[in-house]
Amino acid sequence: MNGDDDGRTYFDDIEAGTVVSCGSTTVSEDDIVEFAEQFDPLDIHTDPEAAAESQHGGIIASGYHTLSLSVRLLVDEIRSERAVVGGLGIDDVRWHEPVRPGDTLTVENEVLDTRVSESNPETGIVHEAITVTNQDGVTVLSLENRELVERSGPD
């Protein structure tokens with residue numbers, strides 16, 4: 001879906017209903033603790049002994065870590081080739097199940113709809129649903145994203 005000779009995907013090339021699998025990544029306990037120590041230092045993310053006594057029964061990843069991992073996979077698979085101007089926001093972020101050491105997360109991106117920007121018709125708005133599942137197919141994170149993408153040219 002590259003709409004121009006420069007290899008980038010422009011708004012005009014993005015179709016509602018498109019679903020893309022964005023690969024997967026496996027999360028280690030060291031990854032979980034390292035992220036949490038810097039950004040979300042709760043005991044359930046950083047202290048194995050305290051986490052073992054929690055309702056989770058062990059270390060779990062920060063939801064923000066899970067979100068960050070999903071963004072990385074999205075960028076690697078889709079956004080690095082898109083003519084992205086910037087993000088407009090995320091909605092309905094839900095952490096459904098904890099992410100544990102050893103979990104392999106897979107990201108799926110579905111384009112829900114697209115529309116030309118009213119304030120800047122040289123761009124368009126892409127509305128997407130993003131779903132992250134673990135190795136058992138259980139949804140651990142879901143959200144909707146809107147981003148502004150350059151159009152390939154005037155109508």
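Biologist: What makes Ser62 the cap of the N-terminal end of α4?

Modeller: A side-chain oxygen of Ser62 lies 3.1 Å from the backbone nitrogen of Tyr64, and a polar contact is a pair of N or O atoms within 3.5 Å, one able to donate a hydrogen and the other to accept it. This is a predicted model, in which local features need pLDDT of at least 70 and side-chain atom pairs count only at pLDDT 80 or more. Residues are numbered from 1 along each chain, and side-chain values use heavy atoms, without hydrogens and water.

Biologist: Why is α1 called roughly perpendicular to α4?

Modeller: The axes of α1 (residues 29–39) and α4 (residues 63–79) cross at roughly 110 degrees. Angles of 65 to 115 degrees count as roughly perpendicular, so α1 is given that name relative to α4.

Biologist: Which residues of α1 and α4 meet?

Modeller: Asp31, Ile32 and Phe35 in α1 meet Tyr64, His65 and Ser68 in α4, where contact means heavy atoms within 4.5 Å. By class, three of these residues are nonpolar, two polar and one charged.

Biologist: What covers the buried residues of α4?

Modeller: Buried means under 20% relative accessible area, and the buried residues of α4 include Leu67, Leu73 and Ile78. Their cover includes α1 and the strands β1, β2, β3, β4 and β5.

Biologist: What makes β1 and β2 edge strands?

Modeller: Two strands pair if DSSP finds at least two bridges between them. The open sheet has the order β1-β3-β4-β5-β2; β1 and β2 each have a single partner strand, so one side of each is left without a neighbour in the sheet. β4 and β5, by contrast, are joined by eleven bridges and run antiparallel.

How values were computed: Axes are lines fitted to C-alpha atoms, for helices over the stretch in contact, and angles run from 0 to 180 degrees between N-to-C directions. Helices (H or I, at least four residues) and strands (E, at least two) are DSSP runs, numbered from the N terminus. Angles under 35 degrees count as roughly parallel, over 145 as roughly antiparallel, 65 to 115 as roughly perpendicular and the rest as oblique. Ala, Val, Leu, Ile, Met, Phe, Trp, Tyr, Cys and Pro count as nonpolar, Asp, Glu, Lys and Arg as charged, and the others, Gly among them, as polar. Buried means under 20% relative accessible area, exposed over 50%, partly exposed in between (1.4 Å probe, protein chains only).
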